[in-house]
Amino acid sequence: FALSAFAICIAQITTAFFKLSERKRLFNEEMAAVRMYLRKSHIDEALQSRVKAFLRHIFDRRRIHAKESTLLKELPSNVSRSLRRNYLSWQLQKIQSLKGIGVHILHKISDNSAVLDLVPGDIVVTAGNVADSAWVIMSGRVHASGVPTKKRRSLIERTFSDGAEAAD
């Protein structure tokens, strides 16, 4: 009996280990195919790096190869909106300047927000143009170019005091 119980425990541990590593293994297999495609298509190195970084980002943020996404897509639209609203409100509460704002207001901001995953090198705003939206960096880095160095440092220090990274 003890030997059978031990064998069952080992089998369950092995199964759990394989389940944990399966997502990463599948992603790595698909990334190998993408890398091969990019090389065979003679895509320049800079664009290859951007593509690979973006795919890694959306994998890390659980936008692809996430078991929960299949079930979450089945939620009724009102429940899905509430889930999104609560998630974005939770993210917005991390911003120093929004701390202390009521949940109702955070929900209104969330309702008028969009989550975007951008490729490294994407331009979100150009100096001198009138902004028509605000950006909240949830993860990653931003690079300010075309702005004089002194003004750029001041802008970055004011904007990224909450933990997001800024690159000169």
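Buried here means under 20% relative accessible area, exposed means over 50%, and partly exposed is in between. Keep in mind that this is a predicted model.

Q: Which residues of H4 are buried?
A: By that cut-off, Leu 88, Ser 89, Gln 91 and Leu 92 are the buried residues of H4. They cover an arc of only 155 degrees around the axis, so they sit on the same side of H4. Part of what covers them is helix H5 (103-111).

Q: How do you know that the length of helix H4 agrees with its residue count?
A: Helix H4 runs over residues 77-92, which is 16 residues, and at 1.5 Å a residue these should span 22 Å. Its end C-alpha atoms are 22 Å apart, so the two agree.

Q: Why does Asn 86 count as partly exposed?
A: Asn 86, found in helix H4, has 44% relative accessibility, so it counts as partly exposed.

Q: What makes Asp 111 and Arg 85 a salt bridge?
A: The rule asks for a side-chain nitrogen of Lys or Arg within 4 Å of a carboxyl oxygen of Asp or Glu. For Asp 111 and Arg 85 the closest N and O atoms are 2.5 Å apart, and the pair forms a salt bridge. It links distant parts of the chain: Asp 111 is in helix H5 and Arg 85 in helix H4, 26 residues apart. Asp 111 is partly exposed because its relative accessibility is 42%, and Arg 85 is partly exposed at 29%.

Q: What about Arg 56 and Asp 60: what are the closest N and O atoms doing there?
A: They are 3.8 Å apart, and the limit is within 4 Å, so this pair is a salt bridge as well. Both residues lie in helix H2, four residues apart, about one turn of the helix.

Q: Which salt bridge joins Arg 63 to another side chain?
A: That would be the one with Asp 117, at 2.7 Å from N to O. Here too the pair links distant parts of the chain, with Asp 117 in the loop between H5 and E1 and Arg 63 in the loop between H2 and helix H3 (67-72), 54 residues apart. By the salt-bridge rule the count comes to six.

Q: What puts the buried residues of H2 on the same side?
A: The buried residues of H2 are Gln 48, Ile 58 and Phe 59. They cover an arc of only 110 degrees around the axis, which puts them on the same side of H2.

Q: And how much of the protein is buried?
A: Buried residues make up 14% of the 168 residues. The accessible surface comes to about 13,200 Å², with 59% of it belonging to carbon and sulfur atoms.

Methods
Residues are numbered from 1 along each chain as its sequence is written. This is a predicted model: local features need pLDDT of at least 70, side-chain atom pairs count only at pLDDT 80 or more; totals for chains, interfaces and linings use all residues. Side-chain values use heavy atoms; hydrogens and water are left out. Helices (H or I, at least four residues) and strands (E, at least two) are DSSP runs, numbered from the N terminus. The expected span of a helix is 1.5 Å times one less than its number of residues. Buried means under 20% relative accessible area, exposed over 50%, partly exposed in between (1.4 Å probe, protein chains only). The arc is that of the directions from the helix axis to the C-beta atoms. Contact means heavy atoms within 4.5 Å. Accessible areas come from the Shrake-Rupley method with a 1.4 Å probe; for residues, only the protein chains shown count as cover.
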